[in-house]
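The sequence and structure come first.

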Amino acid sequence: MLDKEKMSAAELGALWMTFQSKTMIIRVLDYFIEKSVDQEARDLMSDLRDKLQQMVTEIIQMFEEEGAVIPNGFTKEDVHLDAPQLYENGFDIMLCRVLKEISMGSYVLHMTTAYRRDIIQLYRKLTNITQEYYDYFTTYLIENDYLSRPNYTLMPKTVDYIHNKSYMKGTNIFGHKRDINTVEFGILYHSIETNITGMQLMKGFSQCSKDEEVRKYFTIGQELSKEIVRSTEVLLLESNIKPPATPGGTVTNSTEAPFSEKMMIHCAFLLGGFSLGAQGFSESFILRNDVLTKTAVLGKDTYEFLLKGAKLMMSKGWLEEPPKMY
């Protein structure tokens, strides 16, 4: 039977990565559930936590059946439930929504490296859970005025084709500078929305970090997110598009860390990787040269941020090594 076949190296690597991210998300949920003052938000996060814990248990069983050591991932030692509330105004659900976006992308990647039926089914279940709770979180945020809807536009009345290469011009020095189209707007809008959340996350982490190097890293992340938001808003304004007003949650004045330094920097690293991947994927749908140039520059800055984070985690002994190839 296919289910009894030996786990491949690719499947082992995918499950290892999934274990790392899921144990981190469970710890994030532990803290936000403890601090939530809204019953609906607490129930949503508690239900998601229970489902993710079941998936982690399945992954552990798969490792044990193969005789593989169980990774460390993130444990109860990495969350400080007695720390004061660090974020307010729906930030808990906003971050959970972004984490579900990251999960959706990673499951697609991991599914393509899975061949064993039980592993494919595991990723199918994880995908269903993620899509379900992404919907719940989006609905909650909109209904509670924590999330803005994207801008509206007039509906098209004709089907047109592009015949002139000037469509790609992002400068009006030698020709007409066209407005952003709806596909490009959707990409830019999403960038603003996620980076506002990332900016607030980094602000809170830098505020409570006790390690000088790590605090500096979070400050760099905060400024990077701020620059992405600022640059993207300018591109929209140049096309006479009012940038969306996404609240992004509020950081309190607490200076006590809700998570270990190791986990906070891993979370920043995860969000940075998601941002870089989203930028790379989106570039194939952007047809204005100046927008492509700007995203390329920001992508380089994001890559340098990730590289610095990896080196910092290594220097601190916080970067768990993936299984080796033999």
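## Terms and basis

Helices (H or I, at least four residues) and strands (E, at least two) are DSSP runs, numbered from the N terminus. Residues are numbered from 1 along each chain as its sequence is written, and this is a predicted model in which local features need pLDDT of at least 70 and side-chain atom pairs count only at pLDDT 80 or more, while totals for chains, interfaces and linings use all residues. Side-chain values use heavy atoms, with hydrogens and water left out.

## Backbone with positive phi

N240, found in the loop between α6 and β2 (250-251), has a phi near 60°, a positive value in a residue other than glycine. D145, in the loop between α4 and α5, likewise is not a glycine and has a positive phi of about 60°. Most residues other than glycine have a negative phi.

N240 is exposed, with a relative accessible area of 72%, and D145 is exposed, with a relative accessible area of 64%; here exposed stands for over 50% relative accessible area, buried for under 20%, and partly exposed for values in between (1.4 Å probe, protein chains only).

## Nonpolar cores

A nonpolar core is a set of buried Ala, Val, Leu, Ile, Met, Phe, Trp, Tyr and Cys residues joined through side-chain atoms within 4.5 Å. The largest such core has 70 residues, of which L15, L201, F205 and F218 touch the most other members. At least two residues of this core are supplied by each of α1 (9-35), α2 (39-66), α3 (91-111), α4, α5, α6 (212-238), α7 (261-282) and α8 (289-316), and the largest share, 11 residues, comes from α1. A second, separate core of 13 residues includes Y189, I196, L236 and I286.

Leaving aside its neighbours within four places in sequence, F218 is in contact (heavy atoms within 4.5 Å) with M202, F205, S206, S209, M264, I265 and A268.

## Aromatic pairs

Rings of Phe, Tyr and Trp (its six-membered ring) pair if their centres lie within 6.5 Å, with planes under 30 degrees apart counted as stacked, over 60 as edge-to-face and the rest as tilted. By this rule the count comes to 14 aromatic pairs. The rings of Y31 and F32 have centres 5.6 Å apart and planes at 55°, so this pair is tilted; Y31 and F32 are both buried.

The rings of Y217 and F305 have centres 4.3 Å apart and planes at 0°, so the pair is stacked. Because Y217 lies in helix α6 and F305 in helix α8, the pair ties together parts that are 88 residues apart in sequence, and both Y217 and F305 are buried. Ring pairs link Y31, F32, Y87, F91, F205, Y217, F218, F259 and F305 into a cluster.

A14 lies in helix α1 and is buried, with a relative accessible area of 4%. Leaving aside neighbours within four places in sequence, A14 is in contact with H110, T113 and Y123. The C-alpha atoms of A14 and Y107 are separated by 9.0 Å, although these residues are 93 residues apart along the chain.
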